[in-house]
Amino acid sequence: MNAAFWQDRRVFITGHTGFKGSWLSLMLSRLGAKITGFALPPPTTPALFDLARAGQDMHSIIADLRDADAIDRAVREARPEIILHLAAQPLVRQSYDDPEETYAVNVMGLVNLLEAARRSDSTRAIVVITSDKCYENREWPWGYRENEALGGHDPYSSSKACAEIVAAAWRSSFFAPEARTHVATARAGNVIGGGDWGKDRLIPDILNAIATRQPPRLRNPEAVRPWQHVLEPLSGYLLLAEKLYAEGAAWAEAWNFGPADADAQSVRQLVETLAQHWPDAFPWEPETAAQPHEAGALRLDSSKARARLGWRPRWNLRAALARVAHWHQAWQAGEDMRAVTLAQIAAFEQEPSL
Ligand SMILES: NC(=O)c1ccc[n+]([C@@H]2O[C@H](COP(=O)([O-])OP(=O)(O)OC[C@H]3O[C@@H](n4cnc5c(N)ncnc54)[C@H](O)[C@@H]3O)[C@@H](O)[C@H]2O)c1
């Protein structure tokens, strides 16, 4: 991390009360950035945002991205140099229940933010966080590249593909190469880390089953996902934002930040490795109830980020799962979770890349 770049840098994070946003806020406050956060209240109870007191070193605005005036006011007042956009309705299953909400937040919310940024005279770099699910899934055995077709079977995935298209339109229509502001998009893998209590997400479900002495029930044990610790893509977003700010148009495009190929593993492999940290955990069982469609195989090709940004993962999946287990066990033991989280960030920063 380039502390000299981030020191006193005015950064606007949307979704700062969420799982990834809380980790990112702590990372950036360690680097000395002046942060404004814009989000709804933490989406879960408990929440990393509360446990790690992630809002302590920033100006935290609790408001709705669907409210164009609210986001405009917040950007005008914060005068950010860099915007990192993470706020979203991020759950596939919730998107089946309420597709309209998903598109309103993930697509029109982004439009509201980009319009606010367009009116701002301070913003130079915007990184829009979309998803590995923005690609049209062909059930291929190899990873998707940035130039592959966008798509999405479910409303969440499709809304993230739409967000990619919106960002591209603002780039070509309003943030032209010679303009002051540049916009890039970032597609990360399935992130894991301490402090995620997201509904219907695999790791929270497993940890909950272990805590309540039940066998974890797996919906798609053979489904393959590009698993990575949350700090991996966050370090990529920061590197990308830095390049975008300093050098502009050459970096204003889409970027994958996925794990090494070997860490695209099945749900079953992930659960069995995680369970090794709880020797008395019950073995998993298959979920037999009917489930909505989810892709069978998803991998990301991050060659471009490696070659051009020099970005590389630092923790492999086994190391990442050990951090998840350690974090969760520390929380159960009543430790100070701000200290535990900051210590994991410090350890990550010291780690050489793989
Ligand atoms: N967690 C993953 O595995 C993963 C994988 C790929 C991409 N992503 C993307 O990363 C981003 C962060 O995901 P997360 O896992 O931290 O999710 P999260 O649910 O923990 O956090 C979502 C954040 O968005 C905010 N938000 C939601 N609706 C809002 C609205 N209408 N107005 C303002 N704020 C709103 C919430 O308050 C919260 O701060 C999302 O864009 C998600 O799609 C996540």
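Mentor: Let's begin with Cys-162, which is partly exposed, with a relative accessible area of 26%. On this scale, buried means under 20% relative accessible area, exposed means over 50%, and partly exposed is in between, using a 1.4 Å probe and protein chains only. Before going further, keep in mind that this is a predicted model, where local features need pLDDT of at least 70, side-chain atom pairs count only at pLDDT 80 or more, and totals for chains, interfaces and linings use all residues. Residues are numbered from 1 along each chain as its sequence is written, and side-chain values use heavy atoms, with hydrogens and water left out.

Cys-134 is in no disulfide, and its nearest cysteine sulfur, that of Cys-162, is 11 Å away. Cys-134 itself is buried, at a relative accessible area of 0%.

Now for α7, which spans residues 155-173. Helices here are DSSP runs of H or I with at least four residues, strands are runs of E with at least two, and both are numbered from the N terminus. The expected span of a helix is 1.5 Å times one less than its number of residues. At the start of α7, a side-chain oxygen of Asp-154 reaches to within 3.1 Å of the backbone nitrogen of Tyr-156.

Tyr-156 brings us to the ligand. A polar side-chain atom of Tyr-156 lies 2.6 Å from a ligand oxygen atom. An N or O atom in the side chain of Thr-17 is 2.7 Å from an oxygen atom of the ligand, and Phe-19 uses a backbone N or O atom, 2.8 Å from a ligand oxygen. Taken alone, the ligand exposes 830 Å², and the protein buries 93% of that; these areas come from the Shrake-Rupley method with a 1.4 Å probe, and for residues only the protein chains shown count as cover. The elements giving two or more residues to the shell around the ligand are α2 (19-30), α7 and β7 (190-192).

How many residues are around the ligand? There are 27, and Thr-17, Phe-19, Leu-65, Tyr-156 and Lys-160 come nearest; a residue is near if one of its heavy atoms lies within 4 Å. The shell divides into 15 nonpolar, seven polar and five charged residues. In this count Ala, Val, Leu, Ile, Met, Phe, Trp, Tyr, Cys and Pro are nonpolar, Asp, Glu, Lys and Arg are charged, and the others, Gly among them, are polar.

β7 leads on to a loop. Asp-200 sits in the loop between β7 and α8 (202-211). Its phi is positive, about 65°, although Asp-200 is not a glycine, and Asp-200 is partly exposed at 28%. Arg-79 is also not a glycine, and has a positive phi of about 45°. Arg-79 lies in the loop between α4 (68-78) and β4 (82-85), and is partly exposed at 37%.

To finish, try the helix check again on α12 (residues 317-332). Its 16 residues should span 22 Å, and the end C-alpha atoms are 22 Å apart, which agrees. Asn-316 caps the N-terminal end of α12, with a side-chain oxygen 3.2 Å from the backbone nitrogen of Arg-318. An α-helix has 3.6 residues a turn, so residues three or four places apart point the same way. With that in mind, find the buried residues of α12, among them Leu-317, Ala-320, Leu-321, Val-324 and His-328. After α12 comes Gly-334, whose phi is positive, near 80°.

Note on methods: A disulfide is a pair of cysteine sulfur atoms within 2.5 Å. A polar contact is a pair of N or O atoms within 3.5 Å; within protein, one must be able to donate a hydrogen and the other to accept it, and residues adjacent in sequence count only if both atoms are side-chain atoms.
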